[in-house]
Every structure is written in C-alpha cells, then in structure tokens.
Amino acid sequence: MSRLLARLFMAVVGIVLAAPIVVVAGVSFNAQRTLTFPPVGFSLAWFGEIFADAGWRGALLTSLAIAASSAALAVAIAFPLAWFLWRWHAPWARLFQVLGTAPFILPPVITALGFLSFWATAGFYGAPWTVVISHAVFLVTLPLVTITLGFSSIDPSLTEAAATMGADDRTVLRTVVLPLVTPYLVSGYAFAFVLSLNEYIIAYMVAGFTVETLPIKIFNALRYGYTPTMAAVTVFFVAAAALVFSLVARFGDLPRLLGAWSSRES
Amino acid sequence: MTTARPQKLADYAPLVFPAVMLTVFFVVPFGIMVAVSFFRRVQGAFYEPDFVLANYARFLSVFFGEVLGFSLVLAALVAVVAVTIAFPFTYLLARLPRRRQVLWLVALLSIVSLSEVIVGFAWSTLFSRTAGITNVLVALGLMDEPMSLSPSFGALLTGLSYHAFPYTVLVLYPALARLDPTLMEAARTLGASPPCAFVTVVVPALRNTILATLIMVFVFALGAYLLPQLLGRPSNWTLSVLITDQAIYQSNLPFAAAMAVFLVLVSLALVGLSLLVGRKEAAQ
Amino acid sequence: MTSLVLENITKRFGAVAAVDRVNLTVPDGSFVCLLGPSGCGKTTLLRMIAGLEEPSEGRVLVGGDDVTRTPAHRRDFGMVFQSLALFPHLSVGENIAYPLRIRGVPRAEQARRVEELLALVRLPGFGERPVAKLSGGQRQRVAIARALALQPRLFLLDEPLSALDAKLREAMQVELRQLQQRLGITTIVVTHDQREAMTMADLVVVMNEGRIRQSAPPVEIYRRPADTFVADFIGITNLLRARRGPDGAVRVAGGFLAGVTLPAEEAMISVRPEDVRLVPPEAAAITGRVEFVRDLGASIEIYVEAEGQRIVAVASPRERPDLQPGATVGLALPADACVVLGA
C-alpha cells in the first residue's frame, strides 16, 4: 500500500519536473512560427535556426567558449587549493576554502554586482574575458567541492607507501595522487561548465551590452515575443546538461559525488 | 596527510595562484561594492567617491519596506513548499536501487543547472494561453476555454518552487543517503507503520538538517532575480530584481550596492546560522 | 504458545537463492542461534522472520498463525539490530518508551514500564541520558530493553554483541542467556561466533550457502557434527580420509582404526584434537612426525604429519610431552570419538 503511494508520489514529482520541459520541447517542433502545444505539424527548422541564424550561432559559440575556458580556470584555481589543504595542516588556509565557497552560496546578484563594481572601477567593463574570470571565480566552488572529496577518499597510506619507495612530493602528486583524483577533477569541470553555460546575471551585469551569451540572447529575445527558436535553445540546454551529467554518472560515482557515502553494497 | 605543517616557503607555492585569484577577483570586488554603497550617485556617470549614508537611508521608505517584506515572505514560502515536497521525495530517492537513483540524480542536476531564463521561459509557456496546461484542462472538459495563468503570484510561486526543488533535493541528499536504514526498520519492528516511522523517526532525527535546508533554500530563493520579472507582476518584484534594476537600468550603482550589502548581511547571517545548526547535528 | 515454524522458506535475489528451502521448528521458550559464516543467509532468514524481508516462497508460522504476509509493524516481535539502531534524537527513556508512545499508552504507564525495563537491564536511573553519551555495553542494554518493551512474542537479535570487545561480549552472552531464561521468551540470535552460540543456545542451527546444515543442541553439534562443513566450522577438528579395505578393516593415515565402520569404501572421519592421544610410537597404530609444537600456555597443540595427512593433538600442560619438531610419535584415535561423515 504505502509502497504504491510512494511510487505515485515520485511519479507525480517526476511529471511536474518534466512538464515544462516536455511542453517546451513540443513547442520547439511546431511547424509554424507560433508557440502552440501540442505542436501543429512537425519541423526541426527551429533547431536549424540556432545554427543558421548568425545571432543565435554567435551566442551559442560565445557561451561554449566562455563555459569551456571559465570551467578550466575554475579547476586551475580549485585544484592547487584543494591539494594544499589536503597535503598540509594549515588551519588559516581554510579561509580560502570559505572564500571559494562563498560566491556560490550568496545570492548571485550580489556576486554579480561585486564584479560589475570591480570591472567598472578597473576600467575593463564590457570586455569578454572579464566574463571568463568572473564565471571562474563564481563557479570555483564546484570543482573545489568535488576535488576536496576526491582527496579525502585517498587512503593516506598510499602516499606513505610511495614515499617509502623513494618518491618525492612532486612524484607522489604525479604518479599516485593525480590519477586518483582525475575523475573528481573532470566532474568538477563538468559541473562548472554546465553552470557557466546557464549563467545569466553575472554575464549580463559584467558584459551584457557587449557580449551575448545564450541565456542573455534568450532573455533579450523574450522582450520581443516568444519564438519557437527559444524553445529549441531550451531543449538544447536541457540536452547538454543531461548529456554532461550522464557522462559524469557513467564514469564516476554520482551518488558519492553528491555526498552519499560510497555506493551501498549490501 | 593533514598532520604536517608546511615546512619551507616553497610548500606554500600551490596556494599562491588560488589565493591571488580569490583575493583579487572576489574579496576586492566585494570591498569595492561595499565602498560604492557609500558613494554618491552622479547623473550621467556611474558615481563618485564620497561617504554618504543616503543610499542606506532610502531603505527607510515604505516602498523599500514593502519590497523587502515581500521578498522575505516569498522566499520563506518557497523554502517551506520546496522542503515539504523535497524531504519525503529525497528520502524515497535515497532508498531506490542505485541505477534508478543515478537516473533521478542526472535529471535533477540537469534541471538545477538550468538558467532562470530557461525556467522562466518554460513556465511562462506552460502558463500561456496557447501552449499551456489550461489547454489540457479544456481537453478534459474541466474548463471552457484556455486562459493565461501568468503573470500572477501563483505563477511566480510555482516557478520559484520548481527552480528551488532540485536544489533542495541535492542539499538534503547527503543527510538522507547516510541515514542509517536500520533506524526505520527498528521503528517498524517496534510497531510503527512506514508512514508513522517516517514521521516519528526520520523527521525528528533530521530536524536540524531540515532547518538548515530551509535556510539554504530561503537564501537561494532570495537570490532569484529573473523569475519575478518573467512570471510575476511588478508588485511581485523582489529585492534581487530591484538591485538588478537599479544597477543596470537606473544606473544607480551606489543604491544597488547598498541593497546588495544589506542582502549579504541577511544571507550571511542565515548561512552562518544554518552551518551552526548543521554542526550541532554532526556533533551528536 | 509462541513456537515458531518455518516451512520451506526461500529468498531469491535475482538468480541467487540467499535462503534455500529452510525448514525449522523452534519450540516455545527456547533460545536458538543461527550460526554460519558471513553470507550464509542467516541474517536474511532472521529478517524474513521479523517481516523486514518477504520470502520468495514458504511460510512463517508463529504460535500456529501464518504471519508470512503480515508487515513487520503488526507482528509484535522485538528485534535488536547489529547497529543497535537507537534513535539518536531520543533519550534512553524515550527510546525504550517509543513502542509504547506510538501505541498511545498513557504517559504514567510508559514511565512505569521504562523504569521496570531499565531495572531489568541493570541501568536504573539512566532514563534521561542521551543515547550518544552511553558506552557500548550500555547501548546494548538499551537496545535490548527497547525490544522487550512490548513483551514481544518473539525476541530476535542480529549479531547483537559484535560491536563489543571480547571480554564484555563474553559477559553479555551470559547475561543475555540469564535474561532469556528469566523471561522465558522465545529467542533467535544470529551470530557468526560459535562460542556465543555454544554459550547461549538451546538449539544451534548451522547454516551455509542458504541452507541449514544441522540443527541440534550445542554439545551434539560439537560432538556429532552432521557433515564435514559443520565439523570444520565448529571448533577445530581433524578431518581425515578413511578407506575400507576388502577385509572390512578401516585404515586412516597409514594405521588401522578399530571399532569404526564406514558406510562406503571411502569416507571422512572427524576427530577433535583433544580426543587424539599421544602414545609411544612402538605401540601405536598410527605413527607420524612432529612438524610444529604450539605452546599456548593453557594447552599445547602438537601438529603431526602422518602419511601425508596433518593431525593435530592437544595435550594439557600437566602432561607436558617432551616433543621437538622432527620427533616420531604414535597417535591413538579412540573409536567413540571418531565421527564418520559423508565424503
């Protein structure tokens, strides 16, 4: 009885979670330039427009470039920090861990406004690369959390064993530690990548008038009415996120990455 | 590994790059924002350095009080709705077989990472006259003709709760995944039906987690800046919308900064509280 | 009254049968230990008795009633978990009162019963303490008191003492047995510790690979193991290959074994080390070479190699045989101590 109720409850939640995406996906297949659901006719034209229309294509490429480079930068910041905190006992260095976590927990408007004030003061307001740095600092939390988790799962006796065999710090890092944390590093990158792709307010405040990322493009387009192209872009976003997270799940232990103890055996 | 203290200066080398990046691009911008909140606004330009409290004084207006009050009530409402649904959901999720659990997690991650722009667009489509749920109701004969459900407070609350739900699940997930399953079994052998055991054991055993999650979701909802514009009426605008509006469209950076500082203080106090509550539970 | 009967109980997980056609009758008021190596299905069997797991086949009868489909919370059994599963948000007293509270027993009655149970497990005055502040042994007692709060029809314990250190465990075994005898409650304990089983049980049920290999009183399990698995699993034994010659005489390790008959041409014989006697080689049927002497203080184990088989003999320190590795010894295997087992 209660098992049936539980299944029903989960199913209802699943339907509500899927509903807006299903409707948007349906709308994106409309044959005409209208937002109707169920779709009238079937057409992939709106997906084609993402690539055919210079505006959408440009926004897509900009978003991908920013996401790829800011995620890389975020990992570059997070990895040495996580390694240092794991390798050495230095309580005051935890301060940087807090700094790395804070931007993500605070309302994003605040971080965005901080960046706006900063870049405006520094005189780089509107430069595309400022978005990359801003996103990297904003999203550094994600690789920091996953990589820290990765380090904590390494048995300390492994590095001690390597040390007794004559490996110095660098060699241990390269031959033992790095291979073990690579999955966590990759998933940290993936998380940051997807979130950067979807990020709106920081990109908008920092360089909204000069750089057009996909979310900015959608929001700007929303003012002039809804088109099926937006629906197609939305489908693209969901698909991209699902793809990336599926890959993370395929090659890593997703429940563990999200904070469950190692996968339940029994 | 964490027992040794750094020996030589070179041991600190890995810390340099992260420390510089986080200081220059997070601490300094934050400081500038705080400074700007005391600056004087100049029409036609950004602002000029000064030390005025005028930006904070504007908080004392009725309008601001209403917006703040509305933002807090809305965020609290969203937090309660999201946690009320997410808690039993996450409990069931954490007990699923691994494969199905991973599928759910991928779906939740995909949705939680969606931009507010996308969520707002999706829900306004769902609430629209032409492609919305009212069409389904009409098809079922429950309604006469399709109608638009947005903008409205209900639409905003739905959209925000939707946006916050996967986040809430992911915040609750570690605690519920680590919950000893034999606690439930023990309750059952002691005569509690599964729903009774859930209410008398799982919920009270995790009451601090629930409280901490409520606060986290509250802060999360407080940060929403697009959904109120896309799904709500102007009277449903929140502090975050106002900050964006002042910063971008009114070019009043000092006032926006003052509001942001205020929001930070509220958020920090709440996050600190939730960490404190969480630590208390971990110590038990 | 509350006898337990298991009829043909089977539990399959996919293609694997974790519990395979188990039949067992537990008389009212008896203490049964399910004993076996890890993964033998004993815990799964206990969970099916408790109603936490549904059998794929078979029936569970308690006091004559079929409870196979009755959910755990309607069975009125008390169970102690390996993890103890004490509710962390409740005090000692609240933990014990939990089953009474959810049944709406009046507060005064709850308090009275909690005091009674705390006295029973020898923790008087502990009611207000938080669970986290207790020692391992105290937590153990609280878990037992909570499981007994409802005067359950069956008392089930899953490896209840495994978290305790060796000394405390031995003391708790005796205490648990005395408690059970005082209450006269039908009790089933899952354990992998044969000492525990021997100390407490009226009936030991040895399981392996989902099946019951033998169920008998402890001494019988030890003296008369049903098969090589039981003989090997319970205590230390010498498992020796025996052959029957055409003349009917039985040979073991190069010597004749008088007074033993084999059911087939070849069989295994189990002899406990304490039954193997050391004798002068010239008078012995079996002779061998000493490989290793292990002096444990309280006893001395002598490892002897005879015709390719290893035979362990135990001598008491009082005998103190003067043996060095390499010496030749004679061994006598008393016929009444030899248990003939299937191959």
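This is a predicted model: local features need pLDDT of at least 70, side-chain atom pairs count only at pLDDT 80 or more; totals for chains, interfaces and linings use all residues.
Biologist: Which stretches of chain A are called "transmembrane region", and how do you know?

Modeller: The label comes from an unreviewed UniProt entry, which lists residues 7–29, 64–86, 98–120, 132–151, 172–195, 201–219 and 231–252 of chain A. Such annotations may be inferred rather than shown by experiment, so I would call these spans annotated.

Biologist: Good point. What do residues 172–195 of chain A look like in the model?

Modeller: Residues 172–195 are 100% helix and 0% strand, and their end C-alpha atoms lie 32 Å apart. For residues 201–219, the span is 68% helix and 0% strand, with end C-alpha atoms 11 Å apart.

Biologist: And what share of chain A is called buried, and why?

Modeller: A residue counts as buried if 20 or more other C-beta atoms lie within 10 Å of its own. Of the 266 residues of chain A, 48% count as buried, so 48% reach that cut-off. The C-alpha trace of chain A spans about 70 × 65 × 30 Å along its principal axes.

Biologist: How do you know which pair of chains shares the most contacts?

Modeller: A contact needs C-beta atoms within 7 Å. Of the 2 pairs of chains in contact, chains A and B share the most contacts. On that basis, 76 residues of chain A are in contact with 77 residues of chain B. Helix 1 (residues 2–28) of chain A gives the largest share of chain A's side, 12 residues.

Biologist: What makes up that side of chain A by class?

Modeller: The side of chain A that touches chain B has 60 nonpolar, 14 polar and 2 charged residues. Gly is counted with the polar class, so any Gly on that side falls among the 14.

Biologist: Which residues of chain C meet chain B, then?

Modeller: That contact takes 20 residues from chain C and 17 residues from chain B. Strand 6 (77–80) and helix 2 (92–101) of chain C each supply at least two residues, and strand 6 gives the largest share, 3 residues. By class, the side of chain C divides into 14 nonpolar, 4 polar and 2 charged.

Biologist: Lastly, why is chain C described as having domains 1 and 2?

Modeller: The bounds come from an automatic or database assignment, so the division rests on that assignment. Domain 1 covers 4–226 and domain 2 covers 236–341, and their C-alpha centres lie 40 Å apart. An unreviewed UniProt entry annotates residues 4–234 of chain C as "domain: ABC transporter", a span that is 36% helix and 26% strand. Chain C has 8 helices and 20 strands.

Notes
Residues are numbered from 1 along each chain as its sequence is written. Chains are lettered from A and ligands numbered from 1 in the order in which they are written. Helices (H or I, at least four residues) and strands (E, at least two) are DSSP runs, numbered from the N terminus. A residue is buried if 20 or more other C-beta atoms lie within 10 Å of its own, exposed if 12 or fewer, and partly exposed in between; C-beta atoms are placed from the backbone.
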